[in-house]
2 protein chains.
Amino acid sequence: MQFHLNGFQPGDPDVARPAPGRDGGAGGELPPEVDVLIVGSGPAGLVLATQLSAFPDINTRVVERRAGPIELGQADGLACRTVEMFGAFGLAERLLREAYWVNETRFWRPDPNDPACITRTGWIQDVEDGLSEFPHVILNQARVHALLLDAMRRSPRRLAPDYGLEVTDLVVPDDPAAPVEVVLRRTDPDQTGEAMRVRARYVVGCDGARSTVRRAIGRTLSGDSANQIWGVMDLLAVTDFPDARCKSVIQSERGNIVLIPREGGYLARYYIELGELAPGERTADRRISVDDLVTAARRILHPYTLDVGEVVWWSVYEIGQRLTDGFDDVAGAGRNDRPPRVFIAGDACHTHSPKAGQGMNVSMQDAFNLGWKLAAVLEGRATPALLHTYSAERQQVAQQLIDFDRDWAARHSARSHANAGLRDLYTEQGRFTAGVATRYGPSIVRGGTEHQGLASGFVVGTRFHSAPVVRYADARAMHLGHVAQADGRWRLYAFADRDGVAPGSRLCGLCDFLAADPCSPVRILTEPDADVDAVLDVRGIVQQGHHALAPTDIPALLRPRKGRYGLIDYEKVFCPDPRPGHDVFDLRGIDRERGCLVVVRPDQYVAHVLPLEHHDELTRFLTAVLRRPDAPAAEAYDVARSAS
Amino acid sequence: MQFHLNGFQPGDPDVARPAPGRDGGAGGELPPEVDVLIVGSGPAGLVLATQLSAFPDINTRVVERRAGPIELGQADGLACRTVEMFGAFGLAERLLREAYWVNETRFWRPDPNDPACITRTGWIQDVEDGLSEFPHVILNQARVHALLLDAMRRSPRRLAPDYGLEVTDLVVPDDPAAPVEVVLRRTDPDQTGEAMRVRARYVVGCDGARSTVRRAIGRTLSGDSANQIWGVMDLLAVTDFPDARCKSVIQSERGNIVLIPREGGYLARYYIELGELAPGERTADRRISVDDLVTAARRILHPYTLDVGEVVWWSVYEIGQRLTDGFDDVAGAGRNDRPPRVFIAGDACHTHSPKAGQGMNVSMQDAFNLGWKLAAVLEGRATPALLHTYSAERQQVAQQLIDFDRDWAARHSARSHANAGLRDLYTEQGRFTAGVATRYGPSIVRGGTEHQGLASGFVVGTRFHSAPVVRYADARAMHLGHVAQADGRWRLYAFADRDGVAPGSRLCGLCDFLAADPCSPVRILTEPDADVDAVLDVRGIVQQGHHALAPTDIPALLRPRKGRYGLIDYEKVFCPDPRPGHDVFDLRGIDRERGCLVVVRPDQYVAHVLPLEHHDELTRFLTAVLRRPDAPAAEAYDVARSAS
C-alpha cells in the first residue's frame with residue numbers, strides 16, 4: 001500500500017479521501033442526473049459500483065429493488081481469478097481470512113460391490129500448483145456483497161446503494177449525445193408516490209435473469225427450452241460422511257450431490273440435481289419441500305447418515321442454459337456507428353447450472369471488464385469506441401461458459417463414466433473453473449501475438465499471471481501482480497534485456513523514450529501537472545539479484561518524483577525471487593536476451609507483449625484508444641501518427 | 001475462523017455477539033464499580049483492554065488523560081512476537097497489509113578512504129529464517145492503537161476508552177476482599193466538577209513513565225542517573241541515500257542515525273542520538289529545534305543529501321535505563337499472602353532507549369501476560385495466586401531488557417567496532433529483538449523441563465513456536481499456532497506417538513483419559529453444560545499424511561460434538577505438511593516413538609511438555625492453578641490429589 005504521498009494523513013489508509021461534496025458520507029436523494037445508473041446490487045452491480053466509486057469525478061448510483069442488503073443464501077463460490085480481482089480492490093486479506101478454502105475435491109460413486117452404497121473413488125487437488133497465488137474459496141454471497149459495500153463506503157465517492165427502487169421503464173434517445181431516460185418507482189407499498197425520473201449518461205442492468213433493463217433494450221435470453229431443477233440447502237448438520245469438510249462430488253444410484261463446505265467450520269451447502277422440467281411444467285408444480293431435499297440427500301449419502309440441526313437457507317429453482325444476443329443496446333444491431341449507452345451484465349446476460357460454481361464469478365468479471373472502460377470514457381481518457389469491446393469480449397466468454405456448462409452437465413450425468421471419469425474432467429477443466437482460461441480476442445485494447453515468444457507465460461488476451469519477485473528498494477518478497485490496483489491505470493511491466501540497466505540497454509532505451517520523447521505515450525496521455533504514473537504505471541523487472549544493483553543505475557522513470565513534495569516512488573523496480581524455481585523470467589518464459597514489455601489493462605488482462613525497443617508500436621497501440629482529457633482526441637492521434 | 005456453531009449468524013464474523021446489556025455499543029458513564037480499571041490507553045493499556053473485552057462477564061473500563069486517540073508520532077516497531085499476538089487477536093491480516101515490513105538491515109560506517117563520508121559495510125536479513133511465520137513490521141503507534149480499538153469495539157463488551165479522565169488518587173484497603181478505591185478527575189479545564197470515585201476489583205496502571213498508579217502503590221523506577229537525549233523525526237523527504245527504504249544503522253564521524261522506513265512507501269523515521277545530559281541538566285535546557293535535528297541528520301548522512309518536504313512529527317526526549325522494583329502492589333513486600341490488586345505495565349515499569357525497538361513490544365507483552373490471568377481469576381477459573389506470577393515473570397523480562405539495552409547502547413557507540421561489529425551484534429541478538437527470546441521461569445503456570453527431550457523445539461517457558469501443518473478434515477495447509485486465539489483457553493497439543501491413532505496408542509490413551517476419566521482435567525475444569533473444549537482445547541497432530549487417515553480412526557475427543565446442535569468440530573486434527581523440510585515433527589524435534597503433549601497457556605507460552613501417558617502429572621499441573629467456577633477450589637484439588 002502506498003499513502004502519505006501528498007503529506008501525512010492520519011487514520012485508516014483504506015479509507016480514501018472523499019471526493020469534493022462527498023464528505024457527508026453515502027446516501028441522499030437520487031439526483032435527477034447521474035453519470036452511471038447501475039440497476040441491481042448483486043455481484044455484478046456491486047463490483048461495477050466498487051470500481052466506479054474509486055473515481056472522484058464520476059457520479060454513480062446503484063438502485064436495488066430489495067429493501068436492504070441480503071443476509072444469506074445465493075451463490076458462494078469464488079474462483080482464483082475472482083480473488084485476484086478482490087486483491088485489486090484491496091479486499092483479498094479479509095476475504096481469505098473469512099472464507100472456506102477449497103483445497104481438494106473428493107469423488108464418490110456407487111460401490112461396485114454394493115451399489116446401494118457410495119464409496120470414494122478418488123480425489124484431486126482443487127487448483128493446480130502455480131495456477132494462481134490465491135486459492136479457490138467459498139463465502140456466502142451476502143458476505144461477498146458486504147465486502148464490496150464496505151469498499152464502496154470507503155471510496156472517494158462514499159457510495160451506497162439506493163434500496164427499494166426499481167426501474168419500470170427506460171428510453172434511449174436517438175440523439176447519441178443525449179442521456180438515457182430512466183423511470184423508477186419505490187418498491188415499498190407504503191411509499192406510494194409519483195414515478196421518479198433519472199437521466200443517466202450510461203445505464204447498466206445488473207438486474208438478474210428477468211432483467212428489466214435487458215427487456216427495455218430489446219434483448220432476450222435464448223437457449224435450451226428444457227430447464228433443470230436444482231435443490232440447494234445450507235445446513236448445520238451432523239453426518240458421518242467422511243469428506244464432510246471437503247468439496248465432494250457424489251454420484252449415487254439414487255441421485256447426485258455436490259457438497260460444498262462453507263465458511264466458519266460447520267456450515268455446508270448441498271446442491272441436489274432434481275431432473276428436468278417437462279415442457280410447460282413449472283418448478284412450483286412439483287411442490288418440493290425442504291423435507292424432500294433432506295430425504296433426497298439422505299438417500300444419496302447412504303450408507304452415511306445426515307442429522308439436520310438447522311436449515312439455514314434452501315431453495316428449489318429451475319435454470320436453463322441461456323444467453324443474450326448482445327451485452328449492450330447497439331451490439332450486432334448494425335448500430336456500431338454510435339457508442340452504446342445501456343449495458344447488461346451477469347445473470348441478465350447468461351444463465352446456466354450452478355454445478356461448476358461459475359455464475360457469480362463470471363458476473364463479477366463482466367462488471368470488472370466494463371468498469372474501467374466506462375470510467376476511462378467518462379473521464380475523457382478513452383474514445384467511446386472502447387465501450388464496444390465490452391459486449392464483444394464478454395459475449396464470447398458467456399458463450400464459452402454456456403458450452404462448458406452443457407458439456408459439464410452431460411458428463412456429470414453420464415452413467416458410463418466409471419470412477420476416473422469425473423476426476424479427469426475436473427482436472428482437465430481446472431483452468432476454466434479457476435477463471436483463468438478467459439482469453440479475449442483481438443481488439444483496440446488487445447494487440448496481436450506476433451511478439452508472444454518474448455514472454456510465453458504472459459499470454460496476450462489472458463489475465464496477467466502474477467509471479468513472485470523481490471522489490472528492489474526494501475528487499476520485500478512479494479507478488480508482482482499485486483502492484484495492480486483497480487484504479488483505472490494501465491500497467492507496463494518492462495522486463496530487462498541482457499544488458500539490464502547499463503546505458504544503451506533496451507530497458508534504458510524504453511525508459512528514456514517514455515520519459516522524454518514527444519511521441520511517448522506517457523507524455524501524450526498524462527496531464528502536465530499529474531504524476532508521471534497517473535495514467536501509465538511503468539514497472540521495471542531486472543534479471544539480477546537485488547544486492548547487485550545500485551540505485552544510481554536505475555533509469556529516472558523507475559524512480560519517479562511525485563506529489564506535492566516531489567518524493568521518490570521507490571516501488572517501481574523488482575528483482576527475481578532467488579529461491580530455486582521462483583525466478584519470474586523462467587516462470588513466465590521471458591526472453592533473457594531481449595527482455596520484453598508486457599502491457600496490462602486496468603482489469604489485469606494482458607493487452608500486448610512488445611519488444612522493449614518497439615517504441616512506435618507501443619505509442620500507436622495505446623493512443624488508438626486512449627487520449628488526454630484536456631486535449632482534443634484528434635491531437636493525440638496526430639502525434640501518434642506522426643510517430644509512425 | 002470458526003462461527004455459526006450455535007446457528008447461523010448473519011453479518012461480519014469478526015463482530016462478536018454483544019454481551020448482555022452491551023448491545024447499545026460502547027460508552028456510557030463510568031460506573032461506580034468495575035471489575036478492572038485500566039489507567040492509560042497506550043499500547044499496554046489497549047492490549048489489556050482488547051484481551052479483557054473478549055470476556056462477556058468482565059466489566060472493564062479504560063480511562064485516558066488525553067481527549068481522544070493519538071493521531072501520529074510515538075513508537076512504531078512491531079517485533080515478530082508482537083505480530084503473533086496480533087494474530088491471536090484476529091488482527092494480523094490488517095496489520096501486515098498496512099505496515100512496512102523490515103526485511104533487511106543495512107550497516108554504514110565512515111569510509112576508511114574518506115572518513116567524512118559514510119559507506120555501506122554490510123547487511124543482514126532482519127529475521128532469521130524460520131524464527132517466526134510473521135515478519136518484523138513498522139507501523140505508526142496511532143494505527144496500532146486503532147487496530148486494537150477496533151477489536152475492542154467489535155468484542156462482546158463493545159469496549160471503548162473513557163477519554164479526558166485522569167487518576168488523582170488510589171487507595172488499596174487492608175481488607176484483601178475489598179475493592180481498590182480510585183479517585184479521578186476530568187482533564188478538560190472547561191469541565192469542572194467534583195472528583196469521581198470508582199471502586200475496582202483490580203486496577204492496572206498503564207500510564208507511562210510518570211505513572212500515577214505506580215506512585216500510589218509506592219513503587220519507583222530506579223537505574224541510571226544519566227539520561228540519554230534522543231531526537232526523532234518522521235519525515236517526508238527526498239534523499240539520495242541508497243538505503244532509504246531499508247532499515248539502516250548509520251555510524252558517522254559526526255553522529256549516528258537509525259533510519260527506519262515507515263508504512264505507505266514514502267515516510268521514514270530518523271532516530272538521532274544526541275548524547276547524555278549532564279547531572280541536573282534537562283532536555284529543554286538545550287533548546288534543540290527540529291532544524292537542529294535536520295542539520296544533524298544531514299551531517300551524518302554526508303555525502304548524501306536530505307531535502308525535507310514535511311516534518312510529520314518530531315520530538316526530543318531524554319531517557320534513562322530504569323526499572324521498577326515490582327509490577328504489583330505486593331510483590332517482594334513480604335505480602336505474598338494476599339493476592340495483588342493493583343498492577344503496573346509498560347513504561348510505568350521500565351524505560352530504556354528506543355534503539356532496539358523494544359519499548360512498545362515489551363509493554364504489550366506485559367499486558368498480554370496479565371490479561372488472561374486477570375480474566376481467569378475474575379471468571380473463577382483460576383486461584384488468585386496466579387496473579388503473583390505476573391510480576392515474577394515480567395520483572396525478569398524487564399531486567400533482561402534493561403541489561404540488553406545497556407549492552408546494546410555500549411556496543412553501538414563503541415568506536416572500536418570496525419565494519420562487522422554491529423552486524424554481528426544484530427545477528428547475535430536477532431532472537432531477542434524479535435521478541436522470541438523470552439523464557440519464563442518455573443512457577444505454578446510453568447512446569448519443569450524433565451521431559452523437554454520429547455519436543456526440543458517447544459521450549460518450556462518460551463512462546464509456542466508455530467510450524468506448518470495440514471488440517472486433516474479439509475486438507476488446508478496452515479500454521480498450527482494459528483489455532484490459538486486470545487480467548488483465555490489453554491491449548492493442549494498432543495503429538496502422536498509411533499502407534500498414532502491405533503487402539504492402545506499413547507495418543508488414544510490420552511484422549512480416552514481426557515474424555516472420560518474422573519481425574520481428567522477436562523472433566524474437572526469444564527462445566528457440564530459447556531462445550532468440551534471450553535477451557536482446555538485439545539488438538540491432535542498425527543505423523544502420517546492426511547490421506548492415510550480415516551475419520552473413524554480419530555478418537556472422539558478430537559472430533560467433539562459441540563453447541564446447541566451437537567455439531568462436529570472438524571478442526572482438531574492436523575497432519576504434517578508434506579513439503580520437504582516442513583514436517584512439524586522434524587522442525588520441532590518431537591520424539592516420533594513416544595510423541596508428547598505440549599501444554600500451552602492462553603498467552604501462547606509453553607507451560608509444560610509431558611509424555612502422552614503422564615495423565616496424573618497433567619492433572620496435577622493444571623489443577624494446581626485452575627478450577628471450575630461452579631465448584632469450590634478445594635474440590636478440584638481433592639480430585640486431583642486422589643488421582644496422584
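**View 1. The interface of chain A and chain B.** Between them, chain A and chain B bury about 5,500 Å², with 59% of it on carbon and sulfur atoms, where buried area is the accessible area (1.4 Å probe) that two parts lose on being put together, summed over both. A:Phe8, A:Arg97 and A:Tyr266 supply 16% of the area that chain A buries against chain B, more than any other three residues. This is a predicted model, in which local features need pLDDT of at least 70 and side-chain atom pairs count only at pLDDT 80 or more, whereas totals for chains, interfaces and linings use all residues. Residues are numbered from 1 along each chain as its sequence is written, chains are lettered from A and ligands numbered from 1 in the order in which they are written, and side-chain values use heavy atoms, with hydrogens and water left out. Counted by contact, meaning heavy atoms within 4.5 Å, 61 residues of chain A meet 61 residues of chain B.

View 2. The rule finds 6 salt bridges across the interface of chain A and chain B, a salt bridge being a side-chain nitrogen of Lys or Arg within 4 Å of a carboxyl oxygen of Asp or Glu. B:Asp14 forms a salt bridge with A:Arg97, and their closest N and O atoms are 2.7 Å apart. Helix 3 (92–98) of chain A gives the most to the side of chain A that touches chain B, with 5 residues. Here helices (H or I, at least four residues) and strands (E, at least two) are DSSP runs, numbered from the N terminus.

**View 3. An open sheet of 7 strands in chain A.** The strands of this sheet follow the order 6-5-14-15-16-13-17, and their pairing is mixed; two strands pair if DSSP finds at least two bridges between them. Strand 6 (114–125) and strand 17 (306–319) of chain A stand at the edges with a single partner strand each, so one side of each is left without a neighbour in the sheet. Neighbouring strands of this sheet are turned by 20° against each other on average, direction ignored, the axes being lines fitted to C-alpha atoms, for helices over the stretch in contact, with angles that run from 0 to 180 degrees between N-to-C directions. Strand 13 (residues 228–239) and strand 16 (residues 267–276) of chain A pair in the antiparallel sense over 8 bridges, and A:Leu236 stands opposite A:Leu267 in strand 16. Helix 6 (residues 290–301) of chain A packs on the sheet, and its direction makes about 105° with that of strand 17 of chain A.

**View 4. A salt bridge within chain A.** A:Arg120 forms a salt bridge with A:Asp243, the closest N and O atoms being 2.7 Å apart. A:Arg120 lies in strand 6 of chain A and A:Asp243 in the loop between strand 13 and strand 14 of chain A, so the pair ties together parts that are 123 residues apart in sequence.

**View 5. Backbone details in the loops on either side of helix 6.** Most residues other than glycine have a negative phi, and most peptide bonds are trans. A:Arg287, found in the loop between strand 16 and helix 6 of chain A, has a phi near 50°, a positive value in a residue other than glycine. A cis peptide bond joins A:His302 and A:Pro303, with omega about 15°, and A:Pro303 has its place in the loop between helix 6 and strand 17 of chain A. In chain B, a cis peptide bond likewise joins B:His302 and B:Pro303, with omega about 15°.
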